Amino acid sequence: AILAGLLMTRVFKPLRLPSVTAYLVAGILVGPYCLGRLGLDGLGFVTMDAVSKLSIISDVALGFIAFSIGNEFRLSSLRKTGRQATVIGIFQALTATLMVDLVLIGLHIFVLGDSMSLADAIVLGAIATATAPAATLMVVRQYKAKGELTDLLLPIVALDDAVGLIVFAISFGVAKAINYGHYDMTSILVEPLLEIVLSILLGFVMGSIFSAAEKYFKSNSKRLSLSITFVILTVALSMMEFEVGGVKIGFSSLLVCMMLGTVFCNVCDFSAEIMDKTDRWTAPLYILFFVLSGAELELNVFSSTSVVLIGAAYIFARAFGKWAGASISAKFMKCPPKVQKWLGITLLPQAGVALGMSVTVAQTLGADGAMVRNIVLFGVLIYELVGPALTRIALTEAGDIQPKAEAVVSADD
């Protein structure tokens, strides 16, 4: 899988597309719908089960991605952009939800009828909030993007997870009420709020222990090893699930690991050096993560006309909602014109969190849930292939990617 990802970057280099796109395409090629069709285990992934057996790699990779994003929440940076990022992050997420809900409910009423239920439309609106931090972070790193747009982008992408959890829980509760005729306020309000609060608390505790432990090791190699240990340990702890008094308790690994990185970066004096070394260590892990993500994309969603039609409506409605919401709120917060113009385009990639939400829906709503999952899979396929390239264009137009940085990237390749 890693070799396929590396070779595909050579094919994509003349096209000047981000490496993330090359890794995703490599994953599709070695996945069950291309090389896997040959049935030669080892040459490609023969079944989706073969891909899912490596899910622990994706879980760990997402943990390191979230840990790196925590670096963007240094108090020195938040004093400058924290208020802007919070307002824009919430507003653009809710605008995307509203736009998708309006378009899909309109399709349900006037065009599709029984092909898509009202519950489907409401749930898809909630899933539209989610943005993939992994693809965005990789583009920023590959092209060494720096500037006002980048400073706002990464905190906003991080906030999307928290906003998405709340919006999804409420919308999913309403969808279940439509299908089954009863409301459960515990699952609609209490459980998502507990998940966010407990995730932040767990990340804070692990970050505090991590920062204290680092001081007992002096060599860079041991500090790097301890960093890797704590990220993996934190990912493992964030997978805990239990029930207390009828309330389900769970954690968001993205929020937990973001908080781990945030505490470490603000408490530890030498955090910048350790973060840099950790990023270098994780490079092959990220390649494998994106190749596996590509292999997980189910191409059979194209076989259903209704899925393609609804999926296209979902993609365009979400894209417009993200762009309009980011542009309006950035203007309200008096951000520079280039941020107002280009921020929304950088928020289009969508993957892990959205897929996780769709799996939850599929397990609960039966046939309706299967439709939602297929539409999200269709959206993720398009967004993940097109999103990174659009992010690169937006960052370049905003001046965060300089021509000399492009030359350096080319030389590094």
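Buried means under 20% relative accessible area, exposed means over 50%, and partly exposed is anything in between, worked out with a 1.4 Å probe and protein chains only. These legends describe a predicted model, where local features need pLDDT of at least 70 and side-chain atom pairs count only at pLDDT 80 or more, while totals for chains, interfaces and linings use all residues. Residues are numbered from 1 along each chain as its sequence is written, and side-chain values use heavy atoms, with hydrogens and water left out.

**View 1**
Most residues other than glycine have a negative phi. Lys144 isn't a glycine, yet its phi is positive, at about 50 degrees. You'll find Lys144 in the loop between α7 (133-142) and α8; helices here are DSSP runs (H or I, at least four residues), numbered from the N terminus. Lys144 counts as partly exposed because its relative accessible area is 43%. Now look at Lys334, another residue other than glycine with a positive phi, this one near 60 degrees. Lys334 sits in the loop between α14 (305-332) and α15 (337-342). With 74% relative accessibility, Lys334 counts as exposed.

Side chains of opposite charge can pair when their charged atoms come close. A salt bridge is counted when a side-chain nitrogen of Lys or Arg is within 4 Å of a carboxyl oxygen of Asp or Glu. How many salt bridges does a search of the whole structure find? It finds three. In the one shown here, Arg141 pairs with Asp279, and their closest N and O atoms are 2.7 Å apart. Arg141 belongs to helix α7 and Asp279 to helix α12 (residues 271-281), so to speak distant parts of the chain, 138 residues apart, linked by this pair. Arg141 is partly exposed at 25% relative accessibility, and Asp279 is partly exposed too, at 23%.

**View 1. The salt bridge of Lys338 and Glu148.**
Here the side chains of Lys338 and Glu148 meet, at 3.6 Å from N to O. Lys338 is in helix α15 and Glu148 is in helix α8, so this pair ties together parts that are 190 residues apart in sequence. Lys338 has 33% relative accessibility, which makes it partly exposed. Glu148 is partly exposed as well, with a relative accessible area of 41%.

**View 4**
Asp276 and Arg280 form a salt bridge whose closest N and O atoms are 3.2 Å apart. What separates these two along helix α12? About one helical turn, because they are four residues apart in that helix. Asp276 is partly exposed, with a relative accessible area of 37%, whereas Arg280 counts as exposed at 62%.

Rolling a probe the size of a water molecule over the atoms shows where empty space is left. On a 1 Å grid over the protein atoms alone, a cavity is a set of points where a 1.4 Å probe fits but cannot get out, and lining residues have an atom within 4 Å of a point. The structure holds one cavity of 30 Å³ or more, and the largest cavity has about 40 Å³ of space in it. A volume is the space filled by probe spheres set on the grid points, which are joined across faces, edges and corners. Among the residues lining the largest cavity are Thr131, Asp160, Asp161 and Met258. Which helix gives the most to this lining? That's α8, with three residues; α8 (148-180) and α11 (253-267) each supply at least two. By class, the lining has six nonpolar, one polar and two charged residues.

**View 2. A nonpolar patch on the surface.**
Leu201, Phe204, Val205 and Ile209 make up this patch, and together they have about 350 Å² of accessible area. Patch residues have over 30% relative accessible area and no salt bridge, and nonpolar side chains are joined within 5 Å. Leu201 is in helix α9 (residues 185-214) and, at 47% relative accessibility, counts as partly exposed.

Leu24, in helix α2 (residues 19-30), counts as buried at 1% relative accessibility. The C-alpha atoms of Leu24 and Leu385 are 7.1 Å apart, although 361 residues separate them along the chain. Ser358 is part of helix α16 (residues 352-365) and is buried, with a relative accessible area of 1%. From C-alpha to C-alpha, Ser358 and Asn374 are 8.5 Å apart in space, and they are 16 residues apart in sequence.

Methods: Patch = residues over 30% accessible without salt bridge, like charges linked within 9 Å, V, L, I, M, F, W, Y side chains within 5 Å. Areas by Shrake-Rupley, 256 points an atom, 1.4 Å probe, with all protein chains shown as cover. 1 Å grid on protein atoms, 1.4 Å probe; cavity = no way out; pocket = protein on both sides within 12 Å on 5 of 7 lines; lining within 4 Å. Nonpolar A, V, L, I, M, F, W, Y, C, P; charged D, E, K, R; others polar.
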